[in-house]
Structure formats: structure tokens, C-alpha cells
Amino acid sequence: MVGIQIHSRTNHCFLKHWMLVIPFLWPCLAVAETLKAERNQTVVPSPWRAKRAWVWTQLVVPEEMEAGQYVGRIKSDLDNGDNRFQYKLLGSATGSFSIDEQTGAIFATRKLNREEQSLYTLRAQVLDITTGKAVETESEFIIRVLDKNDNEPRFLDEPYEAVVPEMSPEGTFVIKVTASDDDDPASGYHTRILYNLERGQPYFSVEPTTGVIRIASKMDRELQDTYYVIIQAKDMLGQPGALSGTTTVSIKLSDINDNKPIFKESFYRFTVSESAPNGTSIGKIMAYDDDIGENAEMDYSIEEDDSQTFDIITDNKTQEGIVILKKNINFEQQNHYGIRAKVKNCHVDEELAPFHINPSTTYIKVQVEDEDEPPFFLLPYYIFEISEENPYGTIVGTVSAMDPDRRQSPIRYSLSGSKMFDINDNGTIITVNKLDREVSAWYNLSVTATETNNIQQKSSVPVYVEVFNINDHAPEFSQFYETYVCENAEAGEIIQTISAIDRDESIEDHHFYFNHSVEDANNSSFMLIDNQDNTAVILTNRTGFSLKEEPVFYMIILIADNGIPSLTSTNTLTIQVCDCGDRGSTETCSNKGLFLILGFKREVIIAILLCIMVIFGFIFLMLALKQRRKQTLFPDKSEDFRENIFCYDDEGGGEEDSEAFDIVELRRSTVMRERKTGRSKSAEIRSLYRQSLQVGPDSAIFRKFIQEKLEEANTDPCAPPFDSLQTFAFEGTGSSAGSLSSLGSRATEHEDDFDYLNDLGPRFKRLACMFGSAVQPNN
């Protein structure tokens, strides 16, 4: 049984409370000890059972106890002071505490800090020194560290920054600060914190218990834009002995558009040259605004400008107003201008509109500078009209230019664009050559006016001259006509339709009139009929014409136009008599006419064509010979020999001559021979041999076909000078003997037995030697 004695340096009040708790814990501990003894099968006398049940207790020590200080004492009920018991501490907390093994006194081995560890769990054991055995079961107890207010409040979310609009009303929320205390919340008021405003009056206030900072009075950003507020946090509700911590809160005021822009200057003076083009920048004006960012963006505009000559645009980067020229100005007409400009913010909220009443304005005076300007024409362009065929020196028109400056410099003119015109000193354009509308109907000229006193000052104007047409071209045939009349033509037959063209331009549509000439009035062979649609037809006026007696007729035709005055031309139509044959068509006459035109070239053309044919023939012959040399004597394996005939131009030496042909070529064929069933090889071959001696019904036709092919091959001049394979596409009626060819014998399903060839006579002796059993194994 272990008894525990508490000897700690605590105040009397703490020990008093602890002694009041022990009587209430005693019955519970006694029951627990009894149950533990029963589990360990320890027999405990009845008088000791209640005491042995107290196996757990709690020691309380103050925080920051120094190393070596006495904590308490544990003692077994069996210990009578004879020093035969040994006390030991067990558990993970033994590094912080030690025990006197003889007396059971516990001491701290290091300084205790509740914030690091507030509870220590230890186990005590009592051993008999003589036997080394435990005389008591292990007793577990807890050492609790009593908190001490040794930690000041700390602000964990530093740094604190807040933004609040300027001119915010009182009570506006700014930010909330929070401090924490590492002390034990259950130990009095160690962690009860109060907040206090150390610096920031009179603009800010802080709520003592929540740490919420609020606006205490309105602030203007333009006066001060940043405030640094110091907040203090005290624990123990600020009582004596309380610890404190501080933090700094940075509070920035955001801008609101509570200021309107104001011009820096109330008067501006600018100058501009009268020759400045539209869009020229004259000068810059500028206003200032105490606001920043979007609230300081400005918009400049013209408030007063009766001439509507100037405008102002805003430079968004520099927030300047750029005065520009909107219209052309003239020093001689007006040499100064006065305008008034105004400025306002681009973005204004409705609640801030009262701050922007009556925008700021400034006055701008613009002085126009005189410049030596080039002369100008009275019109932007000139269009003149003149008739063609006018004589040299005809006046076309007059252009006029003048100096806009006050000194009125003299002007001289020059012309470019055509050599058909010239211009004099007063700007009058005249012709220097006759104009022909058919050559050019329009002339695009350029007249330049130059100041005599300053040749650098010049200007140009376009001049367009339109040439009017006069009827100076007589009508004529629209094309060259080749007219033919057949010898057997009938009277009233139409042989030609003619039309006319006129190079003149007519206000109305052209209309042509066709008629016989006076010289041709007595011509009774042909007559002309005007169709009144700018065409006319030529008809025969008699029957029959003679090519030998009168091969050609000439018909003179008058064509008149509808111009004023009307012009008439004399045109000759040549009519040729032609032998049209039975059909009576003049198409053959047209072809003959073509040959007559090309007759003088016929011999040359024929010679050229013959030369070309000879050259191509020679080229084809060389290519054919070259191709023949490349061909092999026999075709590839893939060719089908079947009933083909092989011709050899060498004279063999009989059956003993093995050089007459190469049997390898015959073995190349892949055609399989049809297999017979039901009869033996030898009997079948003998029967076929006897039948092959007979002449078939188409032997004469076949013989004739072979002779023709042989003759054709022998007489062929392109045939190569060596034996070749000839294939004839002739199919006879067949032979009852069938085929004796060995082609395709390799493709049979089984090797044939050719020993039966020995029974066919001397004609098949050679084949028997080649395909008999003597050579069969080598196949």
C-alpha cells in the first residue's frame, strides 16, 4: 500500500481547497484499489482494503518551479522507516522529475512551464531491497502544473492594414484586431483581454472587448491619406499585474471625387499659321484636380466659339487639353480668334454632384500668322469642249488663278499632259495641232500656276478637254467579203449579205444607205436590195454564169451615212464565178480560194511536211531496232505456250541433233495438262499417235495460215537478224490425238511415268531418253 504525502510550496488557500477535495475522492479510490487487487489475485485483509484502494492521486505544483525544488512524497503503508524499501519512478515524465529511492521524496529536475506541458503522468513502484521484488502494485499518479500569468497578449495577424473611404461618417467600421494569450483560460483572468487605443485619437476609436476599430470623426484624404493607429491589449481585464502587448494598424483613406478640376491659368495665348492643315495642334491647356486615379480624369471642351474653327481633345495619359484646328483659316479674312474652354470630371457620382457645380473655365486667344500662300484657282477643276479638225490656235478655254496674299503676286501658267495644247500668260488654252476624235476623245491636262515673285509657291488644277465629233469618216464595208456565184445559179438567188461601219461617233444610232453606183447602173448581172437595217443583200439578176468566159465580176456599191453633212463612200465587191458541181454549193469555191491564196506556198509546205515525216520515220526506226535488241530470244515464264508455234531458221541434223532448240523454253510454261482417268498412259498415247497421222478437216486452212505468217515474217524489213518466237492467234478444230506437249507437266499433282515413250517407236526415242526413268529422278 502506497501512501502519498504532499509537500509543495503552495499558498495556504490552495492546500485548503485540496484537503477539501480528498475526502470526496477517497471512496472512489478505495473501490478502484479493491478491484485492482482482486484482478491481481492479491489477498488484502479487510482492515487494509480501503487504504490500498487509493492508487491514484494528483500533485499540483506552481509554474516556473526551478530545478531541484521539492514537489511531494510518496510512501508505502508497509514502510515503517527501516529503510528496507526502494522507491522508483516509471513513465515518460521521469526526465522532468526524480525520486529519493529511500524516502520517496519527488523533486523537479528542470524548470516547469505550463505552456509547454501542463500534466505529467508518473508511475511509482516499491521494491523490497532484500528480495528485489515489488511489495506493492504499480501506483499511477498525475502532477499538474498550476498556471502563472507569465504570457502577455500577442496579435497573431500582424501587420494590420485597412482602407476606408475619406469623409466616412462616425462609427464606420474600419478593421477588427484580435490578440491571444497562451496562459490557462481556466486560471482566473489570465486570458481575459481588454483593448485600448494608444494612438489615433481623435479620428479613431476601439471597442475594449471586441477590438473593432471605428471612425471617430470625418477625415479628408487631400489633407492626410494614411494614419497609423496603435492598439494595446491587456490581460486580467487590466488589473494590477496584468501583462500587455501592442500592435500598429495602417489605415489608408481611399479617394472619393469630392474635388472638381480647376485651370491653372485663367488666360492662354496661342499662335497658328494660316497654312496649318486641319487637325494641327495649336497648344495645350491644363487643369489640376486634388483627387487621384479615376476621380481625377478630366474632359475638356469648347464652351464658346462662334466660328466653330477650333476643338479640344483630352490626352488621357497627361490629362491635358490639346487645342486643335478644325477648319482652314485665312489671315486675310480673320487674323485672331477668342474662345473659352471648360473642364469637368469624367466620373461623378450622384451624391457627389454638388461638389461639381459650375465647372472651371479659361479664355484662349488665338493669333493667326500670315504666310506666303500658293496661288489658288477659282474652280477645283475645268471642263472644256472643242470640235475636232479645228485649225491651229483655236481657243479651248481659260483658267484663272490668283495670289491669296495681300501683295497679289503676278501669276504665270504652264500646261502638261498633252502636246496638242498650249497656254498663254492669261491662262487661255489653245490648240497647237488638229484634233481627231477617233484618235482621242478626251484629254486630261494639268495647268500649274506659279507666283512670279516666288516660284516655290505654285498650285495645279486638272483640266478635261472633250473633243466633239464631226462627220469626217465615210462608211465602209464592215469586213472583207469573198463572194462566189455558181455557174448554174438561178435568177434572184442571194449570194451575199453586206454591212457597213463608221468610225465617227453619232449622237443618234448610225444608219447606212446602200445603192448601186452610177458606173454600175448598167450591170444587169446582179442587183442590190437595201434591207433598211444597216445591211443589204446581193442577188443574181440572170440565170447562168460562165467560169471560162467571165470568171470575175466587180460590183461598185455606194454607202451613205446619216451624219450632217452625210458622207458617201464607194466600195467594190468582187464576185467570182465558181464551178459548184452537182450540189450547187459555194463552199467548195471558198476552199479553192484558200488554195489559190496559198498556191505559191504549196511546194514549200509539201517539202517541209516530207522532211518532217522522214525525220520522224528515222527516229521511230531507231527506237524499234533498239527495243528489238533488248528483247530476249524467248518470252518470260508467264507466257502461255499451249498451241503456240516455235519456228527456228536453222537446219537440224535429225533426231540426233540436240542443238536445234532449247527444251528449257518449253519447260517454262505453267499450263497444266488435263489429266485423263480410266486409261493407262501408254495405251492412251498409242491411240493418240495413230489418230494424229490422219489429216484434220481444217488442215488446208491451217497450212495456208502458217504459210502466210511465215511469208510475212520473212519479208518484214524490221525483223531482227536472229531467231524469234512467233505467236499465231489461230485456233483449229482440234486433234483427236490431243496434245503431246510436255508443257505444264511440272504442275501436275504427281510425277508422270514417261517410260511408255519407249513403246512409241523411234520418233519418240529422244523424248524417252529425256523424260524416261533415267532422268526422272533429277526432275
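# Reading a predicted chain

Trainee: Let me begin with one residue. Is Tyr120 buried or exposed?

Mentor: Tyr120 is buried, since its relative accessible area is 2%, and the limit for buried is under 20%. Do keep in mind that this is a predicted model.

Trainee: And what is the relative accessible area of Phe97?

Mentor: Phe97 has a relative accessible area of 2%, so Phe97 is buried.

Trainee: How many aromatic pairs does a search of the whole structure find?

Mentor: The search gives 18 aromatic pairs. One of them is made by Phe97 and Tyr120, with 5.1 Å from centre to centre and 80° between the planes, an edge-to-face arrangement.

Trainee: Where do Phe97 and Tyr120 lie?

Mentor: Phe97 belongs to strand E5 (residues 97-99) and Tyr120 to strand E7 (residues 119-128), so their pair ties together parts 23 residues apart in sequence.

Trainee: How do I describe a ring pair in general?

Mentor: You give the distance of the centres and the angle of the planes. Now back to the case with Phe97, which is buried at 2% relative accessible area. For comparison, look at Tyr381 and Tyr464: their ring centres are 6.4 Å apart and the planes stand at 65°, so this pair is edge-to-face.

Trainee: Which parts of the chain does the pair of Tyr381 and Tyr464 tie together?

Mentor: Tyr381 sits in the loop between strand E26 (376-377) and strand E27 (382-387), while Tyr464 is in strand E34 (residues 458-468), so the pair ties together parts 83 residues apart in sequence. Tyr381 is partly exposed, at 46% relative accessible area. Tyr464 is partly exposed too, at 31%.

Trainee: Which residues do ring pairs link into a cluster?

Mentor: Phe155, Tyr160 and Tyr195 are linked into a cluster by ring pairs. Phe155 also turns up among the residues that Thr246 touches.

Trainee: What else does Thr246 touch?

Mentor: Leaving out residues up to four places away in sequence, Thr246 touches Glu158, Ile230, Ile231 and Gln232 as well as Phe155. Thr246 lies in strand E17 (residues 244-254) and is partly exposed, with a relative accessible area of 48%. Its C-alpha atom is separated by 8.9 Å from that of Lys234, 12 residues apart along the chain.

Trainee: Glu158 came up there. What kind of peptide bond joins Glu158 and Pro159?

Mentor: A cis peptide bond, with omega about -5°. Pro159 is found in the loop between strand E9 (154-155) and strand E10 (160-165). Gln201 and Pro202 are likewise joined by a cis peptide bond, and there omega is about 0°. Pro202 is in the loop between strand E13 (194-199) and strand E14 (204-206).

Trainee: Let us turn to phi. What is the phi of Met167?

Mentor: Phi of Met167 is near 60°, a positive value in a residue that is not glycine. Met167 lies in the loop between E10 and strand E11 (173-176), and its relative accessible area of 35% makes Met167 partly exposed. Glu389, also not a glycine, has a positive phi of about 70°. That residue is in the loop between E27 and strand E28 (395-398), and Glu389 counts as partly exposed at 33% relative accessibility.

Trainee: What about the surface: which residues make a nonpolar patch?

Mentor: The residues include Val604, Ile605, Ile608, Leu609, Phe616 and Leu623, in a patch of about 1,200 Å². Val604 lies in helix H4 (residues 602-630). The chain as a whole exposes about 47,000 Å², and carbon and sulfur atoms supply 52% of that area.

Trainee: How many helices and strands does the chain have?

Mentor: It has eight helices and 42 strands. Buried residues account for 35% of the 779 residues. Take the contacts between residues at least 6 apart in sequence: 68% of them join residues at least 24 apart.

Trainee: Finally, what is the mean pLDDT of the chain?

Mentor: The mean is 77, and 74% of the residues reach 70 or more. Over residues 655-682 the pLDDT stays under 50, and the model gives that stretch 55 contacts beyond four places in sequence. Residues 774-779 are below 50 as well, with six contacts beyond near neighbours in sequence.

Conventions: Residues are numbered from 1 along each chain as its sequence is written. This is a predicted model: local features need pLDDT of at least 70, side-chain atom pairs count only at pLDDT 80 or more; totals for chains, interfaces and linings use all residues. Side-chain values use heavy atoms; hydrogens and water are left out. pLDDT is the predictor's confidence in each residue, from 0 to 100. Contact means heavy atoms within 4.5 Å. Patches are made of residues with over 30% relative accessible area and no salt bridge: like charges are joined within 9 Å, nonpolar side chains (Val, Leu, Ile, Met, Phe, Trp, Tyr) within 5 Å. Accessible areas come from the Shrake-Rupley method with a 1.4 Å probe; for residues, only the protein chains shown count as cover. A salt bridge is a side-chain nitrogen of Lys or Arg within 4 Å of a carboxyl oxygen of Asp or Glu. Helices (H or I, at least four residues) and strands (E, at least two) are DSSP runs, numbered from the N terminus. Buried means under 20% relative accessible area, exposed over 50%, partly exposed in between (1.4 Å probe, protein chains only). Rings of Phe, Tyr and Trp (its six-membered ring) pair if their centres lie within 6.5 Å; planes under 30 degrees apart count as stacked, over 60 as edge-to-face and the rest as tilted.
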